[in-house]
Amino acid sequence: MTSRDFNVVTGSFGFTGAAIASRLLSLGRRVRTLTSHPDRLDHLGGKMEVAPLSFQDPDRLRESLIDATTLYNTYWVRFERGAATFGQAVENTRTLVKAAEEAGVQRLVHISITNPSAESPLPYFRGKALVEQAIGRSSLSHAIVRPTVIFGGGTILLNNIAWLLRHLPVFVIPGSGEYLLQPVSVDDVAELAVRGAHMENNVTVDAAGPETYTFNELVRLIADRVHSRARIIHLLPSLAHSLARALSLALRDVLITRDEIDGLMAALLVSKAAPTGESRFGDWLDQSASSIGTAYFSELDRHYR
Ligand SMILES: NC(=O)c1ccc[n+]([C@@H]2O[C@H](COP(=O)([O-])OP(=O)(O)OC[C@H]3O[C@@H](n4cnc5c(N)ncnc54)[C@H](OP(=O)(O)O)[C@@H]3O)[C@@H](O)[C@H]2O)c1
């Protein structure tokens with residue numbers, strides 16, 4: 001592949017998409033991003049072309065993919081809100097896959113999640129499995145990268161845990177807190193994605209870091225690094241969710257959904273394979289201790305306003 005390979009990345013003004021685009025630009029590649037927020041601040045210095053992520057206009061979507069060597073897809077929704085349902089996200093991704101086939105895209109790198117399952121009671125994980133199946137049935141040469149929980153500048157979940165620990169007198173852990181997470185760095189996810197673009201075969205790989213924590217350990221570590229004085233307590237998941245809903249109203253956001261609590265407690269954000277990411281969450285936390293959680297990151301501001 002030449003240095004002028006043309007890459008299309010969905011969501012490069014977001015979190016994972018920005019890391020992938022940044023890596024590609026640093027390799028001298030030409031990058032176009034597809035986004036529903038073309039007016040968003042471009043932290044990558046205006047080096048990308050920008051086009052709409054127009055699921056309602058498949059012809060335009062196909063046009064924007066013509067001549068692309070690789071399509072990196074990060075598109076997904078975190079929870080259902082209004083017309084943005086998981087069913088719609090599956091349909092939208094199918095539309096994107098079809099547009100990529102018709103445009104002659106040479107390789108699709110798709111960002112999924114660890115442990116997707118078509119039988120999962122959790123629509124996020126079920127929808128991810130349905131999308132993987134659609135990609136498997138397509139004619140596209142592909143790599144599927146399945147991250148656990150991603151850390152790095154811009155992480156919503158981990159940042160907001162730190163924000164709560166900094167700003168509230170009590171931090172609530174749903175259930176025992178003994179369920180596991182295996183955080184992976186956003187740069188390692190980007191590296192795995194770019195590597196996946198250059199493989200010959202269709203591959204599926206977990207993106208998981210070298211450290212595994214119980215949720216209790218993770219929260220205590222963040223609390224320690226941000227010098228939190230919050231009391232950490234455990235509550236039944238239903239009670240924890242009720243409190244999160246009340247707090248969400250005050251924050252004008254959705255802090256965490258019941259499905260996300262259930263996903264955390266089911267320990268789905270760990271890999272059964274050997275770690276593929278090298279960066280350690282603990283090291284990143286040490287470096288980010290003075291900034292993480294100083295501002296609240298709103299999912300609704302990012303995607304709905
Ligand atoms: N963050 C994690 O910890 C984590 C963990 C495991 C897997 N993943 C997966 O990694 C991928 C990227 O995640 P991310 O956290 O980096 O996401 P993100 O940057 O917030 O969003 C990625 C893309 O999805 C679009 N999008 C998000 N919510 C949307 C909504 N409600 N309506 C319409 N478009 C929406 C964004 O559109 P715009 O370009 O318009 O903003 C962007 O194209 C996703 O597939 C996610 O499932 C993430």
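Predicted model: local features only at pLDDT ≥ 70, side-chain atom pairs only at ≥ 80, totals over all residues.
**Ground rules.** Local features need pLDDT of at least 70 and side-chain atom pairs count only at pLDDT 80 or more, while totals for chains, interfaces and linings use all residues. Residues are numbered from 1 along each chain as its sequence is written, and side-chain values use heavy atoms, with hydrogens and water left out.

**Sheet.** I looked up the strand order and got an open sheet of seven, β3-β2-β1-β4-β5-β6-β11, paired in parallel. The edges are β3 (49-52) and β11 (203-207), each pairing on one side only. Neighbouring strands here are turned by 20° against each other on average, direction ignored. Strands are DSSP runs of E, at least two residues, and helices are runs of H or I, at least four, numbered from the N terminus. Pairing takes at least two DSSP bridges between two strands; β1 (residues 6-10) and β2 (residues 30-35) have five. I found Phe 6 opposite Arg 30 in β2.

**Helices.** I then checked α4 (residues 123-137), which lies across β5 (107-111) and β6 (142-147) and runs at about 165° to β6. Helix α6 (residues 186-197) packs on the sheet, touching β4 (70-73), β5, β6 and β11, at about 155° to β5. Axes are lines fitted to C-alpha atoms, for helices over the stretch in contact, with angles from 0 to 180 degrees between N-to-C directions. Contact means heavy atoms within 4.5 Å.

**Leu 180.** I placed Leu 180 in β9 (residues 180-181). Leu 180 counts as partly exposed because its relative accessibility is 37%, between buried (under 20%) and exposed (over 50%; 1.4 Å probe, protein chains only). Leaving out residues up to four places away in sequence, Leu 180 touches Thr 212, Tyr 213, Thr 214, Ala 267 and Val 270.
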